[in-house]
Amino acid sequence: MCAKKRIALYGGTFDPVHVGHLEIARRVSELFEIERVLFIPAQTAPHKIGRLVTDPLHRFAMLVLATQDDPKLKISTFEIEAPDRRYTVDTLAHFVNVLGDSSELFFIMGADSWAEISTWRDWQRLLTMVNHIVVTRPGYRVEGPPSMSDRVKDIRSQPIPAKLDDCRSDTSVFLTDVVMNDVSATQIRSLANQRRFEELEKLVSTPVAQYIEKYGIYQESNED
């Protein structure tokens with residue numbers, strides 16, 4: 001009686017979207033029995049202000065190419081349509097308002113983001129709005145705010161799908177090491193800058209690699 005469809009929200013700059021992002025989306029979808037994973041590319045992430053980020057239209061196009069063959073993976077332009085939408089708490093508020101009555105929402109983040117969560121805007125309210133999934137590597141020490149320890153559920157090494165209570169009344173923070181792929185977007189941009197496209201195709205999907213080559217993306221370094 002309590003079950004709702006589950007939707008995962010996956011934010012980031014995706015500069016570019018790579019095989020690690022796709023594996024996270026698919027493995028988390030299996031683990032939590034997610035019906036839809038919604039990629040939400042940022043206009044510019046607050047913690048990356050000061051670093052040149054690839055034009056949102058290019059990043060959106062690469063996401064379309066990377067996800068086009070998987071009906072569970074969708075893309076939202078909510079953040080890239082307006083430059084003032086920088087904060088995750090505002091994005092979550094929007095999706096809770098639009099989807100919250102019919103769906104149970106999960107927000108995907110990495111262990112590095114979880115370690116810095118107390119620096120995010122309205123972070124304590126943010127953690128009560130939806131469930132959070134912290135994706136970490138096996139054996140990696142995960143650190144977050146001590147005040148949140150009673151809300152954290154460590155489901156690392158659990159079989160797929162995980163057994164979750166559909167009638168939970170409070171939001172939770174789930175720790176999982178279900179994803180083994182550790183890909184660096186910085187490395188990808190470097191390979192593209194050096195026109196090493198054969199190596200690039202091991203880290204991004206073939207259509208994305210072709211798009212990067214066709215439009216000369218990352219030919220001028222956008223690193224600090």
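This is a walk through the structure above, from its sheet to its helices and then to its salt bridges. The model is predicted, so local features need pLDDT of at least 70 and side-chain atom pairs count only at pLDDT 80 or more, while totals for chains, interfaces and linings use all residues. Residues are numbered from 1 along each chain as its sequence is written, and side-chain values use heavy atoms, with hydrogens and water left out.

Let us start with the sheet. Here 7 strands form an open sheet with parallel pairing, in the order S3-S2-S1-S4-S5-S7-S6. Helices (H or I, at least four residues) and strands (E, at least two) are DSSP runs, numbered from the N terminus, and two strands pair if DSSP finds at least two bridges between them. At the edges sit strand S3 (73-75) and strand S6 (152-154), each of which pairs on one side only. Neighbouring strands of this sheet are turned against each other by 25° on average, direction ignored. If you look at S1 and S4, you will find them paired in the parallel sense over 6 bridges. As an example of a bridge, Tyr 10 has Ile 108 in S4 as its partner.

Next come the helices that lie on this sheet. Helix H3 (residues 88-99) packs on the sheet and touches S1, S2, S4 and strand S5 (131-135). The direction of H3 makes about 160° with that of S4; such angles run from 0 to 180 degrees between N-to-C directions, and axes are lines fitted to C-alpha atoms, for helices over the stretch in contact. H2 lies across strand S2 (36-41) and S3, and runs at about 160° to S3.

H2 also has a helix partner. Two packed helices are described by the angle between their axes and the distance between the axes. Helix H2 (residues 56-67) packs with helix H8 (residues 206-215) at an angle of about 150°, and their axes are 8 Å apart. That makes H2 roughly antiparallel to H8 (under 35 degrees counts as roughly parallel, over 145 as roughly antiparallel, 65 to 115 as roughly perpendicular and the rest as oblique). In this contact (heavy atoms within 4.5 Å), His 58, Ala 61, Met 62, Leu 65 and Ala 66 of H2 meet Pro 207, Val 208, Tyr 211, Ile 212 and Tyr 215 of H8. The residues of the contact divide into 9 nonpolar, 1 polar and no charged, where Ala, Val, Leu, Ile, Met, Phe, Trp, Tyr, Cys and Pro count as nonpolar, Asp, Glu, Lys and Arg as charged, and the others, Gly among them, as polar.

Phe 32 counts as buried at 0% relative accessibility; buried means under 20% relative accessible area, exposed over 50% and partly exposed in between (1.4 Å probe, protein chains only). Beyond its neighbours within four places in sequence, Phe 32 is in contact with residues including Arg 6, Phe 106 and Phe 174.

Arg 6 forms one with Glu 104, their closest N and O atoms being 3.5 Å apart. Because Arg 6 lies in strand S1 (residues 5-12) and Glu 104 in strand S4 (residues 103-110), the pair ties together parts that are 98 residues apart in sequence. Both Arg 6 and Glu 104 are buried. Another salt bridge joins Asp 154 and Arg 156, with the closest N and O atoms 2.6 Å apart. Asp 154 is partly exposed at 43%, and Arg 156 is partly exposed at 26%.

Note on methods: Salt bridge = Lys/Arg side-chain N within 4 Å of Asp/Glu carboxyl O.
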